[in-house]
Amino acid sequence: MAVSRVPFGARLVAGAVAGCAKSRFGHAPTGLGRVSAEQPPALIAVAHGSRDPRSAATVSAVVAAVAAARPDIEVRTAFLDLTAPSVEQVVDSLAAQGHTHAVVTPLLLGSAFHARVDLPGLLAAAGARNPQLRLTQADVLGADALLIGALRDRVLAACDIDHTSANRRIGVALAAVGSSSAAANARTAEVAARLAARTGWLTQICFATTEPSVAEAISRLHARGADHVLVAPWFLAPGLLTDRLLHAAPHAVHADVLGPHPALTGVILDRYHAAIAETPALSA
């Protein structure tokens, strides 16, 4: 059994066509049949997992959009913790069906412990039980330009900003999970800076689990001259942490999570194709 890992930073460009994101690799011919050597590798979309049922429902909608965009690919959902099915269960199921290659695509915005340690360990154990199934771990979603665009769309939808709002100073409190790692929190600051560069909005970062808090970020935005402030969660799905943000700033406008945005479909498929392109050929 071979488990390979695409180096962090691999990225491709996708576009949105007719409201549905399309990878630069296009839509392959449809028509599913029995597993064969010609069938594309399966795609296992791996999310974190949560006790909150809204999280699993959102992940299901995200993965359903990927499956609809590429009906020629066997697309499965798996979770690292707290929610079924587990990564091991999905890998065992694909192996039992005769699949020989699967690309494991983490639905994670950052490359931290889960992507670097937890998931590779799970794949190594699952692969050892199924030596006939090759597993390739794709890159995380990261701060892809398409996702920055999706974040912008969520903000626009939340406060109905349009081109007539030029005289209003918009402030966005970009809210992420937060980490004890300064490097991880710096990556959130990079997302905020890129959103500001793209929109001209004032931005401040805040976190659900550490400082600065959402209330602090809102105060700083007002101090910088923003007259219309809202919270933009840098989360794929709602859950306990997004609720914490809501409770901490109940009077603020909160944008929706990224969720099943067409751009997310494109990024997931690009990570899948990049992993295939960078996977060394199996030796004879």
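The face of helix α1 that is turned away from its buried side carries Pro 53 and Ala 68, both exposed. Here exposed means over 50% relative accessible area, buried under 20%, and partly exposed in between, with a 1.4 Å probe and protein chains only. The model is predicted, so local features need pLDDT of at least 70 and side-chain atom pairs count only at pLDDT 80 or more, while totals for chains, interfaces and linings use all residues. Residues are numbered from 1 along each chain as its sequence is written, and side-chain values use heavy atoms, with hydrogens and water left out.

Helices (H or I, at least four residues) and strands (E, at least two) are DSSP runs numbered from the N terminus. Helix α1 covers residues 53–69, and its buried residues are Ser 55, Ala 56, Thr 58, Val 59, Val 62, Val 63, Val 66 and Ala 69. Seen down the axis of α1, these buried residues fall within an arc of 165°, so they line one face of the helix; the arc is that of the directions from the helix axis to the C-beta atoms.

Strand β8 (residues 170–176) has seven of its seven residues buried. Ile 170, Val 172, Leu 174 and Ala 176 lie on one side of β8, with Gly 171, Ala 173 and Ala 175 on the other. In a regular strand the side chains alternate between the two faces of the sheet. β8 pairs in the parallel sense with strand β10 (residues 228–233) over six bridges, where pairing requires that DSSP finds at least two bridges between two strands. Val 231 in β10 is the bridge partner of Ala 173. β8 also pairs in the parallel sense with strand β9 (residues 202–207) over six bridges, and there Gly 171 stands opposite Leu 202.

Turn next to the cores. A nonpolar core is a set of buried Ala, Val, Leu, Ile, Met, Phe, Trp, Tyr and Cys residues joined through side-chain atoms within 4.5 Å. The largest has 46 residues, and those touching the most other members are Leu 43, Leu 107, Leu 141, Leu 151, Val 172, Trp 234 and Ile 268. Helix α8 (residues 262–277) supplies the largest share of this core, seven residues. A second, separate core of 18 residues includes Val 87, Val 91, Ala 102 and Leu 122.

Strand β6 (residues 101–106) runs parallel to β7, joined by four bridges, and Val 104 has Gln 137 of β7 as its bridge partner.
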